[in-house]
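User: I am new to this structure and would like to go through its chain contacts. Can we take them one interface at a time?

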Protein chains: 4
Amino acid sequence: MQKKSVYERGVYYYETDKMGIVHHANYVHYMEEARLFFLAANGYDYSALESSGILSPVVGLSCRYHSPLRYGDSFRVIVSLSSFTGLRFVFRYRMEKKDGLLVFEGTSEHCFVDDKGKPIFLKRSFPDLYEAFSALESLEES
Amino acid sequence: MQKKSVYERGVYYYETDKMGIVHHANYVHYMEEARLFFLAANGYDYSALESSGILSPVVGLSCRYHSPLRYGDSFRVIVSLSSFTGLRFVFRYRMEKKDGLLVFEGTSEHCFVDDKGKPIFLKRSFPDLYEAFSALESLEES
Amino acid sequence: MQKKSVYERGVYYYETDKMGIVHHANYVHYMEEARLFFLAANGYDYSALESSGILSPVVGLSCRYHSPLRYGDSFRVIVSLSSFTGLRFVFRYRMEKKDGLLVFEGTSEHCFVDDKGKPIFLKRSFPDLYEAFSALESLEES
Amino acid sequence: MQKKSVYERGVYYYETDKMGIVHHANYVHYMEEARLFFLAANGYDYSALESSGILSPVVGLSCRYHSPLRYGDSFRVIVSLSSFTGLRFVFRYRMEKKDGLLVFEGTSEHCFVDDKGKPIFLKRSFPDLYEAFSALESLEES
């Protein structure tokens, strides 16, 4: 179990806009990439979760843009599970350039639903996943 | 039945890239918007087609970029069904700025498959749709 | 001067993801479309602002997703300027389906910078724009 | 000098559409990623080229979709410079899944322009780049 994951990649040209910087909507993509990377690093392949009937839609986002990314930049996303209530969970993100410059901070909030959109009570329906998420969350607090 | 449809909209800011022009991948979006607009204008709501079990994936594209679009530009896409064989069909696209300047020409090729990805023989399985597409295609020739 | 603008459009097919709903990053696009529509409706063409050397990057976002949008849905974005300090301004967004169902609520925070990224003190450098934004903001309060 | 480059990555969740497969427009992104990777691997950083005043817009695309990519898939793009006339150049792409299954074949055609959009005669203005591209192109023929 990893307290946090560090996800890295470079900016793609098509992610820039006419201001010459990465368009702000693309950071929401980076958050998703980093989140699914974190889950995979902890043994949860999201496509396998979906195949077993668990969907995890985004219910909220917060984003703070500190310094722009440009084409040619590499960056890392430090991602952790910052809270988990059994019904909802929150991921926290910090993006930095290679030299450590703070680029972005944000959070995303999620719930678990079945393929009809009905909320899943993880503790009852998927106790293993419940235990795992609880363990990941307590790790971040320490 | 309409021989061709004219689909219009303006460029969105996020569709530009650091060159200051619409990124070339977004024209593939415009082709899709115009194609589904054409189908709707001829009585075929694509979401209804999908609900009835017909998927229509893209099997080929050709794109020729004549003059760039920029944020602030409005454009129209003239779209028509240029061929239909019962198994495959080809749409043709011409994009122009408001003043008539040629922006883009392209084609997209599609087939019909069921939700398992198996080819659908339209004439046998959906004779009404077969007749309708045949009619649309012969219209373009005239 | 308009207290708020109502921006309308339908979902594009390519905006959906494998969950069958509009991917959450695309709402950030909708916010931008609606914001630039609001500015244009109040006489501020954003491409003209940029040409005069004023850039207005996004410094923060908050998003709350209430009910998913799907391909085939039409929606409206009700957008207003909710605060303006001379240095920063905040837009507020409410998205609804045609039948009034609440889809999304969010805010975006922006600043004004010149083409070197230096903050612009609007009151000093662009007093007309300062007055206009002040007027728009006070309208929302009423 | 490399005859061809092999660029690899996995599918991102947000690249899928409601058909459950990667939306066809995203392959145009993959082509760009692979092309810029190829240029970098041969010593041409595209952001450096742009800084020196050389832009290289896309003038044409052809795409053939053989087998869909899905979330969870990894793929490679085999990219090479297939022709170079001094004024225009064509890249060729072949995408495969990890197991070798053919996914996509395509080409992209480009020209060189300056930041006013005027064509650049590479042989005269940038003879080193002209030699390098000629060398890359002749390699592919062999």
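Analyst: A salt bridge here is a side-chain nitrogen of Lys or Arg within 4 Å of a carboxyl oxygen of Asp or Glu. The model is predicted. By that rule, the count between chain C and chain B is zero salt bridges.

User: How many residue pairs are in polar contact across the interface of chain C and chain B?

Analyst: Salt bridges between chain C and chain B number zero. Polar contacts follow another rule, a pair of N or O atoms within 3.5 Å. With both residues at pLDDT 80 or more, the number of pairs across this interface is 11.

User: Which element gives the largest share of the side of chain C that touches chain B?

Analyst: Strand S1 (4-10), helix H1 (26-41) and helix H2 (46-51) of chain C each supply at least two residues of that side. By class, the side has seven nonpolar, three polar and five charged residues. The largest share is four residues, and it comes from H1(C).

User: Which residues of chain C lose the most area to chain B?

Analyst: The contact takes 15 residues from chain C and 15 residues from chain B. Together the two chains bury about 1,400 Å², with 57% of it on carbon and sulfur atoms. On the side of chain C, three residues account for 42% of what is buried: Tyr13(C), Tyr14(C) and Tyr71(C).

User: Which residue of chain C comes closest to the rotation axis that superposes chain C on chain B?

Analyst: Chain C is superposed on chain B by a rotation of 180°, with 0.0 Å of shift along the axis and an RMSD of 0.0 Å. The two copies are thus related as by a two-fold rotation axis. At 5.4 Å from that axis, by C-alpha, the residue of chain C that comes closest is Arg9(C).

User: Why do chain C and chain B meet through the same surface?

Analyst: Compare the interface residues of the two copies. Those of chain C are also interface residues in chain B, so the copies meet through the same surface.

User: Now chain A and chain C. What area is buried between them?

Analyst: This contact takes 24 residues from chain A and 24 residues from chain C. In chain A, Met19(A), His24(A) and Leu61(A) lose the most area to chain C, together 26% of what that side buries. Carbon and sulfur atoms give 55% of the total, which is about 2,000 Å².

User: Which residue of chain C meets Arg64(A) in a salt bridge?

Analyst: The count between chain A and chain C is four salt bridges. One of them joins the side chain of Arg64(A) to a partner at 3.0 Å, N to O. That partner is Glu109(C).

User: Which element of chain A gives the largest share of the side that touches chain C?

Analyst: Across this interface, 10 residue pairs are in polar contact, both at pLDDT 80 or more. On the side of chain A, helix H1 (26-41), helix H2 (46-51) and strand S2 (58-65) each supply at least two residues. By class, that side has 11 nonpolar, six polar and seven charged residues. The largest share, eight residues, comes from S2(A).

User: What is the bridge partner of Gly60(A) in S2(C)?

Analyst: S2(A) pairs with strand S2 (residues 58-65) of chain C. The sense is antiparallel, over five bridges. For Gly60(A), the bridge partner in S2(C) is Arg64(C).

How values were computed: Residues are numbered from 1 along each chain as its sequence is written. Chains are lettered from A and ligands numbered from 1 in the order in which they are written. This is a predicted model: local features need pLDDT of at least 70, side-chain atom pairs count only at pLDDT 80 or more; totals for chains, interfaces and linings use all residues. Side-chain values use heavy atoms; hydrogens and water are left out. Copies are superposed by least squares on the C-alpha atoms of residues with pLDDT of at least 70 in both. Contact means heavy atoms within 4.5 Å. Buried area is the accessible area (1.4 Å probe) that two parts lose on being put together, summed over both. A polar contact is a pair of N or O atoms within 3.5 Å; within protein, one must be able to donate a hydrogen and the other to accept it, and residues adjacent in sequence count only if both atoms are side-chain atoms. Ala, Val, Leu, Ile, Met, Phe, Trp, Tyr, Cys and Pro count as nonpolar, Asp, Glu, Lys and Arg as charged, and the others, Gly among them, as polar. Two strands pair if DSSP finds at least two bridges between them.
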